Amino acid sequence: MYPLLRLLIFVLTHEQAHRFVVFLLRLIAAVPGGLWLLRRCCAVEDPSLACEVFGVKFRNRIGAAAGLDRNGEIYDALGAIGLGFVEVGTITPNAQSGNPTPRAFRLADRGAILHRTGQPNRGLQSAIRHLRRNHHGVVVGCNLGCNASTPPEDAPQDVLKLFRNLYQYADYFTINVSGDDVRDAHLTQSEPYIMHLLEPLFDFRRGQNQYRPILLKISPDLTNEEIDTITDILIRTPLDGIVAANGTQQLPDDLPKRVGKGRLSGRPLTERTIEIVRRIHTRSGGTYPIIGTGGMMTPSDVQAMLDAGADLVQLCTGLIFEGPRLVKAVCASLIEREKARAAEQEQPQVE
Ligand SMILES: Cc1cc2nc3c(=O)[nH]c(=O)nc-3n(C[C@H](O)[C@H](O)[C@H](O)COP(=O)(O)O)c2cc1C
């Protein structure tokens, strides 16, 4: 059925298609038995896929990246297609409409999407309404950002407000310092700025009965030295992990003129994001959680990301192009990987 749906979706613009899919998934979830049927048709389940990362239990390591479920409307349906977790957002305190449309373009020949959405979302209150629902076993993370109108010095207040109010509704939090179209990327990913954002969150968390992991989402355009600085923050502070990475702002010269500027996601990111994850993993001694995202288009990309040291992997552009069959193929390949590992361990060791 997905090939037919895919044909229809590809006639629409990216944003029209996104709205249509959100509508369809919400409809399925609202029908009694709809999620069960979706799970039966799409999900690949196996106990060998389960894992625990930053103290949270996941059905499997494969999740949906931020930008797919901006308001928390479809995490249950995304779970039913077989994803182990969904990162909702980017959520900002107040609703915002984002940049003028058109602002997202599929570049199918490159396996890429150029986007400059400006984090449109319905804001904190709407997210709370949706996240109050039953999570149906899917791990839900919240990706937090500040409103475009917020001056940089007030960014910590925006993020703290979101964190406090969403604390009881999410399993983990990602602070998005990499998706800002308004503030300078090198400022928002500098150590003082990051610590300014994180310290109030650490303080608030210390006073809570339940622990919620905090991760930081970075840009793939950071230099290796900047990545090392952020890895050192991970080692030195109570930060729990890193999400690497967002779309790149380094665009090739031969992009079609009509698409303009923005971030490029998908296939062009694969190599760099795997390299970044390997760098963070090596520098941090392999002991800190990393979510790898960026250019995960095939099961072998996901395997390479896990081999580089990622604990969890998020799909975004690959899922937009391939739909649930990518999740199915990735999970099936991970089951094979686990079987091969188990068989290897059973081999008698020859001296
Ligand atoms: C249309 C679109 C919208 C996105 N919106 C967000 C967002 O709101 N917040 C965020 O942190 N990342 C956002 N992203 C980035 C993705 O979460 C992901 O980090 C990035 O696209 C790399 O993964 P990919 O190559 O598999 O797409 C968006 C990506 C796309 C394609």
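**Figure 1. Numbering, model and confidence.** Residue numbers start from 1 in each chain and follow its sequence as written. Because the model is predicted, local features need pLDDT of at least 70 and side-chain atom pairs count only at pLDDT 80 or more, whereas totals for chains, interfaces and linings use all residues. The term pLDDT denotes the predictor's confidence in each residue, on a scale from 0 to 100. Its mean over the protein is 92, and 97% of the residues reach 70 or more. Confidence is lowest in helix 7 (residues 185-188), with a mean of 69, and highest in strand 13 (residues 312-315), at 98. Where pLDDT is low, the predicted coordinates should not be read in detail. Helices (H or I, at least four residues) and strands (E, at least two) are DSSP runs that are numbered from the N terminus.

Figure 2. A barrel is closed by 8 strands in the order 3-4-7-8-9-10-12-13, and their pairing is parallel. Two strands are taken to pair if DSSP finds at least two bridges between them. From one strand to the next, the twist averages 25°; axes are lines fitted to C-alpha atoms, for helices over the stretch in contact, and angles between N-to-C directions run from 0 to 180 degrees.

Figure 3. Strand 10 (residues 241-244) and strand 12 (residues 290-293) run parallel and are joined by 3 bridges. Valine 243 has isoleucine 291 of strand 12 as its bridge partner, and alanine 244 stands opposite glycine 292 in strand 12. Strand 12 is also joined to strand 13 by 3 bridges, and these two strands run parallel. Here threonine 293 stands opposite glutamine 314 in strand 13. Ile290 and Gly292 point one way from strand 12, Ile291 and Thr293 point the other way, and all are buried. A residue is buried if 20 or more other C-beta atoms, placed from the backbone, lie within 10 Å of its own, exposed if 12 or fewer do, and partly exposed in between. Together with helix 11 (residues 299-308), strand 12 and strand 13 make a right-handed β-α-β unit. A crossover is right-handed if, with the strands pointing away from the viewer, the path from the first strand over the helix to the second runs clockwise.

Figure 4. An open sheet of 3 strands has the order 5-6-11 and antiparallel pairing. Strand 5 and strand 11 stand at the edges with a single partner strand each, so one side of each is left without a neighbour in the sheet. The twist in this sheet averages 20° from one strand to the next. Strand 6 and strand 11 run antiparallel and are joined by 4 bridges. Histidine 115 stands opposite arginine 263 in strand 11.

**Figure 5. Cis peptide bonds.** The peptide bond from glycine 89 to threonine 90 is cis, with omega near 10°; threonine 90 is found in strand 4. The bond from threonine 101 to proline 102 is also cis, with omega near -5°. Proline 102 is found in the loop between strand 4 and strand 5 (104-107).

**Figure 6. Positive phi values in loops.** Phenylalanine 54 is not a glycine, yet has a positive phi of about 35°. This residue lies in the loop between strand 1 (51-53) and strand 2 (56-58). Phenylalanine 54 counts as partly exposed because 19 C-beta neighbours lie inside 10 Å. Glutamine 119, in the loop between strand 6 and helix 5 (123-131), has a positive phi near 50°. Glutamine 119 is buried, because 24 other C-beta atoms lie within 10 Å.
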